Each structure stands twice: as C-alpha cells, then as structure tokens.
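Here is a quick briefing on a protein structure. Look at the sequence and the model, then work through the points by topic.

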Amino acid sequence: MLLVILSIITGTFVSRKCDRLSEDIDAAMEAASDGDEAALCSLAARINDDWESFRKYAALFIRGDRLAEADKLLCRVNGVIKEKSSGLYTELSEFSRVISLMKNREIPKLVNLM
C-alpha cells in the first residue's frame, strides 16, 4: 500500500513539474520566433531555475541517465541562446521531447508497482 501511495505522489510531482517546464519551453519558442530576446532570456533563466529545483528531488526517483540527457540538452539550449545562433527551436524541441518522455515514464502503472 505504501508503494502505491508513494508512486502516486512522485508521479504527480513529476507530472506537474514537467508540465510547468513544457509551458515555459513553449513560451520560449514563441519568444524566439517573435524575436523577443529579453523575454527569451527571462524564460531561459526561469527554465534553468525550475530544472535545477526539480532535478534535486527527481534524482531520488528518476534514472540518472534520463536526467543527464536533459542536463546536456539544457546546456546546449543555453549555449545557443548566448551565441544567438540558429538551431534554438530544434534544441528547445528536443528538450521538450525529453521532458515529455520523462513525464510519461513516471506515470504510475500497475505493471510498475508489481
């Protein structure tokens, strides 16, 4: 019973944090397409802060290789923003995909609990 409750709590936590990150990533893509560099930098800082706070707790129940992949992608996103080079949309899309996969893999399922 404790395992089921813990799975539901962690699944809900991961889902909410990933949804928040996805919303920020979508807003960053929109700011990039509009050419709004100030909003893009602000959103990038918020994504970094949200990711760092999420990662501290997520390391307890999400595999490290999944977190490392997201870390690597976020570093590439930050590099593209600083260099103001093309490819930002691609990097943000890939980061969003990894976040979405992370969320979907952590949804508690009966098979995972048994």
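Methionine 1 sits in the segment before helix 1, which spans residues 2-34. This is a predicted model.

**The start of the chain**
- Methionine 1 has a relative accessible area of 77%. It counts as exposed because the cut-off for exposed is over 50%.

**Helix 4**
- Helix 4 covers residues 88-105, which makes 18 residues.
- From its first C-alpha to its last, helix 4 reaches 26 Å, close to the 26 Å expected at 1.5 Å a residue.
- Its buried residues are Leu88, Glu91, Leu92, Phe95, Ser96, Val98, Ile99 and Met102.
- Helix 1, helix 2 (37-58) and helix 3 (64-83) are among what covers the buried residues of helix 4.

**Isoleucine 81**
- Isoleucine 81 belongs to helix 3.
- Its relative accessibility is 14%, so isoleucine 81 counts as buried, a label for values under 20%.
- Leaving aside neighbours within four places in sequence, isoleucine 81 is in contact with Leu40, Cys41, Ala44 and Leu88.
- Isoleucine 81 and alanine 32 are 49 residues apart along the chain, and their C-alpha atoms are separated by 9.4 Å.

Note on methods:
Residues are numbered from 1 along each chain as its sequence is written. This is a predicted model: local features need pLDDT of at least 70, side-chain atom pairs count only at pLDDT 80 or more; totals for chains, interfaces and linings use all residues. Side-chain values use heavy atoms; hydrogens and water are left out. Helices (H or I, at least four residues) and strands (E, at least two) are DSSP runs, numbered from the N terminus. Buried means under 20% relative accessible area, exposed over 50%, partly exposed in between (1.4 Å probe, protein chains only). The expected span of a helix is 1.5 Å times one less than its number of residues. Contact means heavy atoms within 4.5 Å.
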